[in-house]
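Please look over the sequence and the structure shown here before reading on. The briefing that follows takes up salt bridges, a pocket and some backbone angles.

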Amino acid sequence: MNRRKPIPLASLSIHVFLIAVSAVFIVPLWSLLAISISKEADIMAYGYRLLPKQIDFHAYAYIFSTPAVIWNAYKVTIIMSLAGSILSVLMISMCAYALSRKDFAYRRGVTFFLFFTMLFNGGLVPTYILMTNYLKLQNTYPALIIPLMGSVWFLLLMRTFFQQLPGALVESATIDGAGEFRIYWRIILPLSTPVMATIGLLQLLQYWNSWFQALLYISDKEMYPLQYLLQVILRNMDEIMRSMNQGLSLQAAEIASLPTESARMAMAVLSIGPMLMIFPFFQKYFVKGLTVGSIKE
């Protein structure tokens, strides 16, 4: 009969340490969920608790009091995030492929020009004038997508990955008569799944959490993304509380039932929930993609 080998002390210590680190990350998420389903009166009386004294979904009911608005914001955010991430990865990968080719005569000059934009950019005012006065993109999806499409850091990361691919693949494909786009699409991209998935996930997170573009370019409520809509709801709640503090006439029942703290946590849960479900599908590519360029042969 096979006897189970004892676990070495070093391995046991590492496992205990990783469990403790995992708890450090899990406890804040659990706290968000617990506070979001707590009664406002309990939060005021007992503070934040990991286990609700009484389970109450009034905060979610308040946020979903107009469900059509919330679902429309989810729709705008999903369209913006998916379209923006796909277009970003395609644009960044095509530019990175060109800069990774040693036979591209102007790659040093183009790389310096792109890197320079990481240090200095055009500024907020010129960008706003370009988007509104010239391109006329107010209240459109391009206004939410275009400002976040280009990332020089992601471009350099992907270029480094492409440079590590065997150059013989490109040479043999060229000899066989393949064009540049065919080499890029049929050879380079299939071999670049880790870095593509990593950059796609990071871009997806950036689009999902973006609200500043909506603040600048969106005035139509039908085009509000989720993050900006939740900020609007939070501002409305703050205005109600400010009016109460100033002694303006408000119904006492309305003030008492306003879930200020629990609603804030419920907004955070609604914001991060979909991304927490998506991340496990990218996890196996994420670590490999982030270590691009860390090992030199």
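A salt bridge is counted here when a side-chain nitrogen of Lys or Arg lies within 4 Å of a carboxyl oxygen of Asp or Glu. By that criterion, the side chains of arginine 101 and glutamate 180 meet in a salt bridge, with 2.6 Å from N to O. This is a predicted model, in which local features need pLDDT of at least 70 and side-chain atom pairs count only at pLDDT 80 or more, while totals for chains, interfaces and linings use all residues. Residues are numbered from 1 along each chain as its sequence is written, and side-chain values use heavy atoms, with hydrogens and water left out.

**Salt bridges**

- A search of the whole structure finds two salt bridges, and Arg101, Asp103 and Glu180 are linked by them in a network.
- Arginine 101 also forms a salt bridge with aspartate 103, and the closest N and O atoms of this pair are 2.9 Å apart.
- Side chains of opposite charge can pair when their charged atoms come close.
- Accessibility is given as relative accessible area with a 1.4 Å probe and protein chains only, where buried means under 20%, exposed over 50% and partly exposed in between.
- On that scale arginine 101 is buried at 14%, whereas aspartate 103 is exposed at 55% and glutamate 180 is partly exposed at 42%.

**Surroundings of arginine 101**

- Helices (H or I, at least four residues) and strands (E, at least two) are DSSP runs numbered from the N terminus, and arginine 101 lies in the loop between H4 and H5.
- The side chains of arginine 101 and tyrosine 97 are joined by a polar contact of 2.7 Å; such a contact is a pair of N or O atoms within 3.5 Å, where within protein one must be able to donate a hydrogen and the other to accept it, and residues adjacent in sequence count only if both atoms are side-chain atoms.
- Leaving aside neighbours within four places in sequence, arginine 101 is in contact (heavy atoms within 4.5 Å) with Arg107, Val170 and Glu180.

**The largest pocket**

- On a 1 Å grid over the protein atoms alone, a pocket is an open set of points where a 1.4 Å probe fits, with protein on both sides within 12 Å along at least five of seven lines, and lining residues have an atom within 4 Å of a point.
- The largest pocket holds about 740 Å³ of space, and of the 24 residues that line this pocket, the closest to its centre are Thr117, Asn121, Pro147, Gly150 and Ser151.
- H6 provides the largest share of the lining, four residues, and H4, H5, H6 (124–134), H8 (152–163) and H11 (193–208) each supply at least two.
- By class, the lining has 15 nonpolar, nine polar and no charged residues, where Ala, Val, Leu, Ile, Met, Phe, Trp, Tyr, Cys and Pro count as nonpolar, Asp, Glu, Lys and Arg as charged, and the others, Gly among them, as polar.

**Positive phi angles**

- Most residues other than glycine have a negative phi.
- Lysine 136, in the loop between H6 and H7 (141–145), has a positive phi near 55° and is exposed, with a relative accessible area of 55%.
- Asparagine 139, placed in the loop between H6 and H7, has a positive phi near 60° and is partly exposed at 28% relative accessibility.

Note on methods. Points joined across faces, edges and corners; volume = space filled by probe spheres on them.
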